[in-house]
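I opened the notebook with the ligand on my mind.

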Amino acid sequence: MRTDLKVILDSLVRLTEQRQLDSLTKSLVSTVQQFVTPLDVQIFDIHISSSELEEVALPEYFSLSHNPYGNSNDDSVCEEAAACFTKCVSSQSTCYSNDLIPALIAIPIKLNSCVVKVLWVKLECITEHNLGLLKGLAKVFENFLAIVIECETDELTGLLNRKAFGSRLRAANTNLVSIEQAKIKQLKHHWLCIFDIDKFKLINDSFGHLYGDEILLDLVRVMRSVFDEEDAMFRFGGDEFVLLIAPSTKHQMLTKCQKFSDSLYRFHGEKVRLTVSMGITQICSDKQANTLLIQADQALYYIKETGRNRIEVYEDLVSRGALSEKKFDDDIEIF
Ligand SMILES: Nc1nc2c(ncn2[C@@H]2O[C@H](COP(=O)(O)OP(=O)(O)OP(=O)(O)O)[C@@H](O)[C@H]2O)c(=O)[nH]1
């Protein structure tokens with residue numbers, strides 16, 4: 001076990017160099033592997049399945065086929081492992097069992113007083129030394145997680161901000177390449193949508209900036225109710241929002257966007273009839289981020305110039321001759 005001061009410092013430096021959630025998580029896993037040579041290490045995201053019952057949804061890992069004590073035929077061992085995980089989340093404190101072979105430790109990682117992740121480690125045996133190290137690493141990770149999340153979050157709405165866009169698009173692209181390679185496209189694509197409230201300045205000017213903020217928050221509530229968890233939602237600034245819509249057919253995607261637009265129109269009552277213009281483009285692995293943003297933006301501005309309150313897909317506008325396809329310099333740095 002290499003835990004001299006230099007190694008610890010190097011690991012902490014690596015951990016705190018990370019600026020994105022995925023790489024931060026990977027860095028914690030490799031640091032744990034280096035420090036305590038575990039038999040297994042996992043970081044689980046926590047989903048509370050019912051807010052009323054505060055029921056902890058067990059990760060797939062704990063189902064019988066994947067269970068962490070898969071070699072054991074003893075159901076009570078599996079139950080004990082799952083109970084340790086559940087207790088860690090519900091008590092918001094570290095739980096461990098030295099009775100199980102191998103031993104296990106579950107350490108909660110909190111954000112705003114809620115457990116959002118669990119560091120789960122299987123070891124030959126638990127000692128004061130490795131328990132202390134793991135708790136310390138989890139705490140460093142927890143502190144840094146708060147910073148990374150704050151950096152990627154829009155303060156007013158709680159949506160992702162523009163900084164978070166590049167990494168989410170890269171993740172969508174990786175997924176896309178694997179979908180394309182697996183030849184299971186089935187006409188499903190990721191879609192990029194940029195939308196903007198119509199005449200928002202008029203709303204601000206008529207009812208005040210604070211009322212305008214309320215409108216933005218209401219809009220985000222509608223957005224969250226219509227789009228799915230897999231659809232990444234961003235506020236780029238002002239009244240401009242971006243959606244990375246998870247793989248869907250064009251029909252599915254347009255139905256969802258239309259539902260959003262319709263719900264919005266109905267949502268805010270008679271005082272303000274809120275409408276949006278939505279420009280969309282299909283994400284392909286050979287299109288760079290700036291090309292995608294420019295194409296969706298072109299579709300959006302075409303709508304703004306031709307009446308607002310519509311949804312248009314860039315590729316349709318090009319094939320109808322309403323827009324001409326331009327080549328973009330993909331070296332332009334936009335993030
Ligand atoms: N309430 C509020 N207003 C904002 C915020 N950020 C930017 N704005 C305002 O949003 C308005 C954006 O207007 P624009 O998008 O330029 O134009 P528009 O009136 O929406 O008109 P079109 O986009 O052409 O339909 C401006 O008045 C900004 O001052 C914010 O955080 N809160």
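**Ligand contacts**

I started with lysine 201: one of its polar backbone atoms is 2.8 Å from an oxygen atom of the ligand. I count a polar contact as a pair of N or O atoms within 3.5 Å; within protein, one must be able to donate a hydrogen and the other to accept it, and residues adjacent in sequence count only if both atoms are side-chain atoms. The model is predicted, so local features need pLDDT of at least 70 and side-chain atom pairs pLDDT 80 or more, while totals for chains, interfaces and linings use all residues. Numbering starts from 1 along each chain as its sequence is written, and side-chain values use heavy atoms, without hydrogens or water.

I then looked at isoleucine 197, where a polar backbone atom is 3.2 Å from a ligand oxygen. At histidine 209, a backbone N or O atom lies 3.0 Å from a nitrogen atom of the ligand. The ligand alone exposes 660 Å², and the protein buries 68% of that (Shrake-Rupley method, 1.4 Å probe; for residues, only the protein chains shown count as cover).

**Shell around the ligand**

I found 16 residues around the ligand, the closest being Lys199, Lys201, Asp213, Arg235 and Arg308. Near means that a heavy atom of the residue lies within 4 Å. By class, 9 are charged, 4 polar and 3 nonpolar. Ala, Val, Leu, Ile, Met, Phe, Trp, Tyr, Cys and Pro count as nonpolar, Asp, Glu, Lys and Arg as charged, and the others, Gly among them, as polar.

Which elements supply at least two residues each? I noted β7 (189–197), α6 (200–207) and α7 (209–226). The largest share, 4 residues, comes from α7. Helices (H or I, at least four residues) and strands (E, at least two) are DSSP runs, numbered from the N terminus.

**Five-strand sheet**

I traced an open, mixed sheet of 5 strands in the order β8-β9-β7-β10-β11. Strands pair if DSSP finds at least two bridges between them. β8 (232–237) and β11 (311–313) are at the edges with a single partner strand each, so one side of each has no neighbour in the sheet. Neighbouring strands are turned by 20° on average, direction ignored.

β8 pairs antiparallel with β9 (240–248) over 5 bridges. Arginine 235 has phenylalanine 241 in β9 as its bridge partner. Helix α9 (289–305) lies across β7, β8, β9, β10 (276–282) and β11, at about 145° to β10. Contact here means heavy atoms within 4.5 Å. Axes are lines fitted to C-alpha atoms, for helices over the stretch in contact, and angles run from 0 to 180 degrees between N-to-C directions.

**Four-strand sheet**

I read the order β1-β6-β5-β4 in an open antiparallel sheet of 4 strands. β1 (40–45) and β4 (95–97) are its edge strands. β5 (103–111) and β6 (114–123) share 9 bridges. Isoleucine 109 stands opposite lysine 117 in β6. Helix α2 (21–36) lies across β1, β5 and β6, at about 150° to β1.
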